[in-house]
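Visitor: Could you take me through this structure? I would like the conventions stated as we go.

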Amino acid sequence: MTYLAGPEIGGAAALARTAATQRRVRAAVATSQTFLVIRILSVLLLVSFLPSRLPTLTLRLVAGSVATVPLDGVSSGAALMVIAAISAVELYLVYRLADGARAARHAVLAIESLAILATASALAVGATVAALPLVTSVGATGLLLLNQVRWSFRLSPADRGALTGRRRGGVFAGYAGSPLDTPKRPQSVEYTAGRRLGD
């Protein structure tokens, strides 16, 4: 059994909490990366099954309000090329998420907000196959918006390394008990006898 002094106990507890937080953040980022890869591949697969000429979409938002998306003249090949280019950029950004790149997280959130809007519109039109990319996109976005994940991306690499160090503070060393396996040093007792006034 190992005995720790007061400051060492506080430092060990801080290290354990920091390690647990970092494990949760890494697990959340890895799960988000998996969701994003599934979403990107599923969208590319769905776009490849589109007709050669895309039709004009009409969305009825509320009673008396209709939104028209003009897609006449757009071929499925051109749409596939554009989506493939955006997906290639996003795959690189997804790879950079593991490095804690702040710009990569912001760019992924921006692209996924557009993907959520597009897949939700496709689902509203009746394309039930858009449910998978919509769910994975929402799940990845939710994980990237978690409080601990957000703050871990705001820290610089130097600050992230400082989190693993020993935290200052705790019990003052002068009042902390010594470890039980360390013998106490003998205390020296000294005194001087005062002289009487008549001597």
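Predicted model: local features only at pLDDT ≥ 70, side-chain atom pairs only at ≥ 80, totals over all residues.

Visitor: How many helices and strands does the protein chain have?
Guide: There are 6 helices and 2 strands in the protein chain. Helices (H or I, at least four residues) and strands (E, at least two) are DSSP runs, numbered from the N terminus. Starting at the N terminus, the order is α-β-β-α-α-α-α-α.

Visitor: What percentage of the residues count as buried?
Guide: Of the 199 residues in the protein chain, 23% count as buried. Buried means under 20% relative accessible area, exposed over 50%, and partly exposed in between, with a 1.4 Å probe and protein chains only.

Visitor: And which share of the contacts comes from residues 24 or more positions apart?
Guide: Among contacts with a separation of 6 or more, residues 24 or more positions apart account for 65%. A contact means heavy atoms within 4.5 Å.

Visitor: How many salt bridges are there?
Guide: The search of the whole structure gives 3 salt bridges. The criterion is a side-chain nitrogen of Lys or Arg within 4 Å of a carboxyl oxygen of Asp or Glu.

Visitor: Which residues are linked in a network of salt bridges?
Guide: The network links Arg39, Glu90 and Glu112. Glutamate 90 and arginine 39 form a salt bridge in which the closest N and O atoms are 2.6 Å apart. Glutamate 90 lies in helix H2 and arginine 39 in helix H1, so this pair ties together parts that are 51 residues apart in sequence. The side chains of glutamate 112 and arginine 39 also meet in a salt bridge, at 2.7 Å from N to O. Here glutamate 112 belongs to helix H3 (residues 102–125) and arginine 39 to helix H1, so the pair ties together parts that are 73 residues apart in sequence.

Visitor: Are those side chains buried or exposed?
Guide: Glutamate 90 and arginine 39 are buried, and glutamate 112 is buried too.

Visitor: What about the salt bridge of aspartate 99?
Guide: Aspartate 99 meets arginine 96 at 3.3 Å, N to O. Aspartate 99 counts as partly exposed because its relative accessibility is 47%. Arginine 96 is partly exposed as well, with a relative accessible area of 28%.

Visitor: Which residues make the nonpolar surface patch of about 230 Å²?
Guide: Val37, Leu41 and Leu91 make that patch. Patches are made of residues with over 30% relative accessible area and no salt bridge; like charges are joined within 9 Å, and nonpolar side chains (Val, Leu, Ile, Met, Phe, Trp, Tyr) within 5 Å. Valine 37 is placed in helix H1 (residues 6–48) and counts as partly exposed, at 33% relative accessibility.

Visitor: Where is serine 87, and what does it contact?
Guide: Serine 87 is in helix H2 (residues 76–97). Its relative accessible area is 5%, so serine 87 is buried. Leaving aside neighbours within four places in sequence, serine 87 is in contact with Ile40 and Leu44.

Visitor: What does glutamine 148 touch?
Guide: Not counting residues up to four places away in sequence, glutamine 148 touches Thr21, Arg24 and Val25. Glutamine 148 lies in helix H5 and is partly exposed, with a relative accessible area of 36%. Its C-alpha atom is separated by 8.9 Å from that of glutamine 22, 126 residues apart along the chain.

Visitor: Last one: what sits over the ring of tryptophan 151?
Guide: The charged end of arginine 154 does, 4.7 Å from the ring centre. The rule requires NZ of Lys or CZ of Arg within 6 Å of the ring centre and within 35 degrees of the ring normal.

Notes. Residues numbered from 1 in each chain as written. Heavy atoms only, no water. Areas by Shrake-Rupley, 256 points an atom, 1.4 Å probe, with all protein chains shown as cover.
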